[in-house]
Amino acid sequence: MKDIDRLEIKQLKIFQALLRERNVSRVAQQVGLTQQAVSGQLSKLREIFDDRLFVRKSNGLVSTPYAENLGEKVDQLLQGFDQLLKPDSFVPELVEGTYVIASTDYAQQVVLPEVIAKIRQQAPNLKIIIQDLDVDNLSSSLTAGKINLVIAFPDFVPDNYPYKTLFSEYHICVAAKGSPLAKKKLRIHDIADYPQIIASPSRPNFRGSIDTWFEEHGLRRNTVISAPCFSIVPLYLETTETIAFLPSRLLKGTNLILDSHNNRHTWQ
């Protein structure tokens, strides 16, 4: 019992974060401590449990078998502690405060209008902040409680957070209605070679999930424009000799021509 008396909840949270991140500096940033302080807490944990817990390797920290087994017990303990502060029942009408939702512009157009309507009906006293998805800082923002809900493709969401699949989506190859492609039958390698626009809401680059589909066919697509959101792509298609792959639920009411090539994804 002497060692148990020395154990603190914050130490268990640091241990949990180290199991997840395998990196002292990232854990320090998430919990708001210095790297030295995190290392100090790790030293105390090693003494309490009489195990090294983590071994430093070239690719980061590697947990010992004891630490892996301990991780499940720590998760259960922390979940139990969280339950102590939760009310016995949830009444939406009584909920107050601010709820932060992070999502791409796609989700803001397709998913959130209905979600927000239901929240306003069921929890009228709750204020909602919608913000663009910042993939690079998503894990730390969730851990720190700065974000309550994320709506995005599964690839954007950290594996260690619970999720629920909303629906399956697929991308359709599109061009402006006045495009010279309107009367042409294109093969897949023709599409790969044609100048394309990509929507990259997570971070600015020239690669997206569709590239994997092309690579499976031994092709590399010719991406020439990277836009920060899906909603602006149709306007760019109207003024450039380009094509794009857009989610099917965004195409209603647009002045675009469609191709049969598509690629399916899941939203959660």
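Cys173 is buried, at 4% relative accessibility. The model is predicted. A disulfide here requires sulfur atoms within 2.5 Å, so the count comes to zero disulfides.

Next, the surface. Ile9, Leu77, Phe81, Leu84 and Leu85 form a nonpolar patch there. Together these residues expose about 540 Å² of accessible area. Which helix gives the most to the patch? Helix H5, spanning residues 65–84, does, with three residues. Leu77 lies in this helix. Its relative accessibility is 44%, so Leu77 counts as partly exposed.

The whole structure holds six aromatic pairs. One of them joins Phe49 and Tyr66. The two rings are tilted, with 6.3 Å centre to centre and 55° between the planes. This pair links distant parts of the chain: Phe49 belongs to helix H4 (residues 35–49), Tyr66 to helix H5, and the two are 17 residues apart. Their surroundings can be read from accessibility. Phe49 is buried, with a relative accessible area of 18%. Tyr66 is partly exposed, at 37%.

Further along come other aromatic residues. Trp213, Phe214 and Phe245 form one aromatic cluster. Phe167 has a charged neighbour: the charged end of Arg249 sits over its ring, 4.1 Å from the centre.

Conventions. Residues are numbered from 1 along each chain as its sequence is written. This is a predicted model: local features need pLDDT of at least 70, side-chain atom pairs count only at pLDDT 80 or more; totals for chains, interfaces and linings use all residues. Side-chain values use heavy atoms; hydrogens and water are left out. Buried means under 20% relative accessible area, exposed over 50%, partly exposed in between (1.4 Å probe, protein chains only). Patches are made of residues with over 30% relative accessible area and no salt bridge: like charges are joined within 9 Å, nonpolar side chains (Val, Leu, Ile, Met, Phe, Trp, Tyr) within 5 Å. Accessible areas come from the Shrake-Rupley method with a 1.4 Å probe; for residues, only the protein chains shown count as cover. A salt bridge is a side-chain nitrogen of Lys or Arg within 4 Å of a carboxyl oxygen of Asp or Glu. Helices (H or I, at least four residues) and strands (E, at least two) are DSSP runs, numbered from the N terminus. Rings of Phe, Tyr and Trp (its six-membered ring) pair if their centres lie within 6.5 Å; planes under 30 degrees apart count as stacked, over 60 as edge-to-face and the rest as tilted. A charge sits over a ring if NZ of Lys or CZ of Arg is within 6 Å of the ring centre and within 35 degrees of the ring normal.
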